Amino acid sequence: MPDMPETGKDAHEKNLAEALALVLDEFGRDVRAGVQGMQQLDVLLPKQAHEAVMDWPLTLKASMWAGRESGADVAAHAAFSLAALQDAGLLSPHGLPPDVGLGFDATLARLHAAAHAGSQAAALALADRFAHGIGVARNDQLALHYYSSAAHMLVTDVEASLSLGPAFRALDMRARHMDCGYTTDEERETSPDVLLYEEELALRGDPAMVSRQAWRRLMGVGVPRDYRAALRGFEDAAEMGDVAATYSVGYMHLQGLGLPGGEKNVTRARQQFEHARALGLPVAWCGLGSMHWGGQAFDHNFTSAMELFHLGAEADSPDCYLKIGLMYSMGLGVQTNATRAVEHMEAARKLGHWRAPFNLGLMYERPHEDGAVPQNVTAALANYRLLAVARGGWTLAVQGAADALDGGDEWGALAGMVLAAEQGSDVAAANAGWMLKRGLGFEGPKRVFMAARMLERAARQKHAGSRMELAQLLLEEEDLGPLRERARAARAWLREAVRARDPEGLTAVAWARQHGLHDWARNTSRAAEL
């Protein structure tokens with residue numbers, strides 16, 4: 001193994017980049033050298049991170065932030081990557097088969113250490129494992145703790161980077177394979193044809209399209225992010241009469257986006273919000289209420305803020321609903337009321353507010369003093385998972401892996417899918433299983449077992465296509481066990497598909513019932529019902 005790299009965040013980043021480049025480089029990849037580089041960084045994890053493994057997650061939140069501040073999170077993410085790839089079996093040809101230590105799973109130990117040293121991905125991985133009983137006994141309380149810790153860091157990152165664009169669903173490789181007309185949400189949103197169409201309408205003076213071009217530049221959707229160009233576009237659209245653009249100009253001035261030196265202009269923001277309110281835009285109430293809340297261009301006044309938020313909520317503004325929920329949860333300008341807080345946060349979630357699942361997770365995570373909202377671990381887990389799916393970066397990771405596969409880099413594509421799957425992406429797990437089943441990216445004696453494991457992981461997360469792929473694999477592959485046991489397991493997954501009213505599952509079970517296949521008694525009446 002090469003000499004130990006120097007300490008410090010810059011050295012960590014340099015070595016991590018070198019290690020992962022060697023592993024994932026599309027051409028001339030040296031996997032063994034890359035693995036050695038990641039092992040080096042694994043060793044660099046703070047000693048207390050390894051010791052914290054046995055303390056479970058009691059100090060996780062503080063440890064994660066300390067790891068990020070010290071730069072240890074870079075080494076921690078390398079340790080996460082190593083654990084995920086090794087546990088999936090992808091590193092077996094390079095001397096690192098899945099490893100179980102004496103009395104304590106080695107993969108779990110490394111994930112614990114990586115999480116404590118600042119790896120958000122490792123915390124999400126542990127949350128997913130405990131939530132679904134993957135490699136460990138199911139434990140919702142531990143899953144909740146890991147999800148909560150990761151969610152706090154995730155929300156901070158999203159808000160700091162303004163990654164508030166639409167949450168696209170990830171590419172499903174099985175669906176793409178079966179449907180020649182398959183396109184992802186992101187492809188429909190950012191295809192060259194769509195971008196050209198919008199640009200032509202904007203050039204013709206369509207205010208809505210001028211505003212949409214500005215929105216794309218603000219969020220970086222389909223075009224590079226450019227705050228100055230976004231601000232100019234919103235100002236042009238506002239002059240043309242676009243109400244949403246009027247509000248957006250105010251928002252950018254309130255945040256200092258696109259302005260010289262990033263200096264905020266709260267006076268201009270207030271003017272724009274008031275103009276948008278006069279034009280009937282519901283979210284403008286939220287902008288003005290937030291300024292009363294924060295004492296920007298107004299005196300601090302929680303009562304006025306709440307009144308404005310209620311006016312916006314009456315017009316179904318998700319931002320206003322969330323703000324009201326937050327004020328009730330914190331007792332700002334009103335008596336603390338957990339029930340009203342949850343009601344308004346739920347309304348914001350249903351209307352699509354990206355942050356509402358996080359705040360609902362916090363509300364359900366622990367009981368409240370008045371007892372009005374008891375602890376609801378199931379609801380907390382569901383909301384934290386919604387946040388992770390929408391904002392965890394999995395869709396981007398899956399698309400990158402799919403692009404690698406389309407470019408001929410099968411191993412790199414499979415590795416990318418596995419890393420996203422380990423964090424909890426059901427689509428990535430389904431894609432990894434689909435690839436392994438077909439021998440894409442890995443060939444070896446354990447390939448079928450690896451495929452079954454990935455497909456089962458996705459099926460447990462209720463991925464519809466994976467139930468069918470797994471059932472088919474169990475019925476076809478003799479290496480997975482005696483036929484009777486395989487048929488029993490396959491029938492169990494097909495029943496899950498039927499309960500979920502999956503058309504493919506209904507058809508498969510109907511056919512099996514019609515012909516008495518897979519140890520199912522022949523029952524033409526039941527087949528007809530299905």
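What you have open is a predicted model, where local features need pLDDT of at least 70, side-chain atom pairs count only at pLDDT 80 or more, and totals for chains, interfaces and linings use all residues. Residues are numbered from 1 along each chain as its sequence is written, and side-chain values use heavy atoms, with hydrogens and water left out.

**Stop 1: the cavity**

The volume of the largest cavity comes to about 100 Å³, taken as the space filled by probe spheres set on the grid points, which are joined across faces, edges and corners. To see its lining (residues with an atom within 4 Å of a point), select Ala-84, Asp-87, Ala-88, Arg-129, Ile-134, Val-418, Glu-422, Leu-436, Met-450, Arg-453, Met-454 and Arg-457. Now colour by helix (a DSSP run of H or I, at least four residues, numbered from the N terminus). α5 (72-88), α23 (410-423) and α25 (447-460) each bring at least two lining residues, and α25 contributes the most, with four. By type, the lining has seven nonpolar residues, five charged and no polar ones. Nonpolar covers Ala, Val, Leu, Ile, Met, Phe, Trp, Tyr, Cys and Pro; charged is Asp, Glu, Lys and Arg; the others, Gly among them, are polar.

**Stop 2: Val-249**

Jump to helix α14 (residues 243-255) and pick Val-249. Val-249 counts as buried because its relative accessible area is 1%; the cut-offs are under 20% for buried, over 50% for exposed and partly exposed in between (1.4 Å probe, protein chains only). Beyond its neighbours within four places in sequence, Val-249 touches Leu-231, Phe-234, Glu-235, Ala-238, Arg-268 and Gln-272, a contact being heavy atoms within 4.5 Å. Ala-269 is 20 residues away along the chain, with 7.2 Å between its C-alpha and that of Val-249.

**Stop 3: Ala-208**

Ala-208 sits in helix α12 (residues 207-219) and is partly exposed, at 38% relative accessibility. Draw a C-alpha to C-alpha distance to Ala-237: you get 7.2 Å, for a sequence separation of 29 residues.

**Stop 4: two positive phi angles**

Most residues other than glycine have a negative phi. Leu-162 has a positive one, about 55°; find it in the loop between α8 (140-161) and α9 (173-178). Then go to Arg-501, with phi near 60°, in the loop between α27 (483-499) and α28 (503-515). Which of these is buried or exposed? Leu-162 is buried at 15% relative accessibility, while Arg-501 is exposed at 55%.

Note on methods:
On a 1 Å grid over the protein atoms alone, a cavity is a set of points where a 1.4 Å probe fits but cannot get out, and a pocket is an open set with protein on both sides within 12 Å along at least five of seven lines; lining residues have an atom within 4 Å of a point.
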